[in-house]
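Trainee: I would like to learn how to read a protein model. Could you take me through one, feature by feature?

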Amino acid sequence: MASGPRKRLLGLCLALGSFSVVFVAIPAGSRKNSKVPLGVYVNDIKVGDQLQGDISEIRPYGAFVDFGCENNIHGLVPSTRIMEAHVRDVSAVCWLGQKVTVWVTDIKREKKKTKVALTMVENHLRPRINMKPFQALSTSGAELTGIVKQIVSYGMFVGVRVGSQKVTGLLHVSKIGEGFQGDVRKIASVGEMVKVTVALADEQTGKIHFGMRRASHEERPKSRRGRNKAWPENTVRAAE
């Protein structure tokens, strides 16, 4: 039986001859069904911070991560920042409750809400690439030694180091050898060294695209097969 304010509200609704939907506001900071303990304060977060959390929601455009922040703030990892390559189907690589390591890329503090943008790829935090050396390499056609970071259906992402810069770029299947139409996994596997050239260094987007002159699996040096973690050094001269 309703009583007090609730009884008066019910009587008002009946008197008006209409139905009302009452929305109950959950106190900011309550974390129902959350397994991540509170411990992060929104005013202490800054760009570049590394956080641990659980994926709490999956959307076509990305995944929300609960990283234990006050006021029940969950950060968004866009689909372009889940992996080196753009993820077309977020639900195929992420799942609810998945424990992830993320880095803060942006914070928007508004009067009523704070939005935190995250990435699962640490390389996204690196300073903007100095394109001049890579543009020079694109003109010269010099080969670089790189390491395969990720393989996708349309090519592979290769990491190279030139001077003090470490960059990851796309080697598209159309840029592998002449008329190559096979499976890129036959050329190299993740962690393996490959020879690439700089096909394009886009100043506007900050992206590097690679090419490969030879696509034969047998041409790879046997000593370089296997999984590597170190970025190979390139002593190619290029304008800084």
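Trainee: Which residues does Phe134 touch, not counting residues up to four places away in sequence?

Mentor: Start with the term. Contact means heavy atoms within 4.5 Å. Here Phe134 touches Ile129, Val160, Val162, Gln165, Val167, Val198, Ala201 and Ile208, with residues up to four places away in sequence left out. Keep in mind that this is a predicted model: local features need pLDDT of at least 70, side-chain atom pairs count only at pLDDT 80 or more, and totals for chains, interfaces and linings use all residues. Residues are numbered from 1 along each chain as its sequence is written, and side-chain values use heavy atoms, with hydrogens and water left out.

Trainee: Which residues touch the most other members of the largest nonpolar core?

Mentor: A nonpolar core is a set of buried Ala, Val, Leu, Ile, Met, Phe, Trp, Tyr and Cys residues joined through side-chain atoms within 4.5 Å. Buried means under 20% relative accessible area, exposed over 50%, partly exposed in between (1.4 Å probe, protein chains only). The largest core has 23 residues, and Phe134 and Val196 touch the most other members. Two or more residues each come from α3 (132-140), β6, β7 (155-162), β8 (165-176), β9 and β10 (207-212). A second, separate core has 22 residues, among them Val40, Ala63, Val90 and Cys94.

Trainee: How many helices and strands does the protein have?

Mentor: Helices (H or I, at least four residues) and strands (E, at least two) are DSSP runs, numbered from the N terminus. This protein has three helices and 11 strands. From the N terminus, the order is α-β-β-β-α-β-β-α-β-β-β-β-β-β.

Trainee: Which strands does β6 pair with?

Mentor: Two strands pair if DSSP finds at least two bridges between them. β6 and β9 run antiparallel, joined by five bridges. Leu144 stands opposite Val196 in β9. β6 also pairs with β7 in the antiparallel sense, again over five bridges. These two strands form a hairpin, with two residues between them.

Trainee: Is β6 mostly covered or mostly open?

Mentor: Here is the general idea. In a regular strand the side chains alternate between the two faces of the sheet. Now the case: β6 is mostly covered, with eight of its 10 residues buried.

Trainee: Is Gln150 buried or exposed?

Mentor: Gln150 counts as buried because its relative accessibility is 13%. The residue is in strand β6 (residues 143-152). Across the pairing, Gln150 stands opposite Phe157 in β7. Beyond neighbours within four places in sequence, its contacts are Met83, Glu84, Ala85, Met156, Phe157 and Val190.

Trainee: What about Thr197: buried or exposed?

Mentor: With 12% relative accessibility, Thr197 counts as buried. Look for Thr197 in strand β9 (residues 193-202). Outside four places in sequence, Thr197 contacts Gly141, Ala142, Glu143, His209, Phe210, Gly211, Met212 and Arg213. Thr197 and His209 are 12 residues apart along the chain, and their C-alpha atoms are separated by 8.7 Å.

Trainee: How many aromatic pairs does the structure hold?

Mentor: Rings of Phe, Tyr and Trp (its six-membered ring) pair if their centres lie within 6.5 Å; planes under 30 degrees apart count as stacked, over 60 as edge-to-face and the rest as tilted. The structure holds one such pair. Tyr61 and Phe64 form it, edge-to-face, at 6.5 Å centre to centre with 85° between the planes. Tyr61 is partly exposed, at 46% relative accessible area, whereas Phe64 is buried, at 19%.
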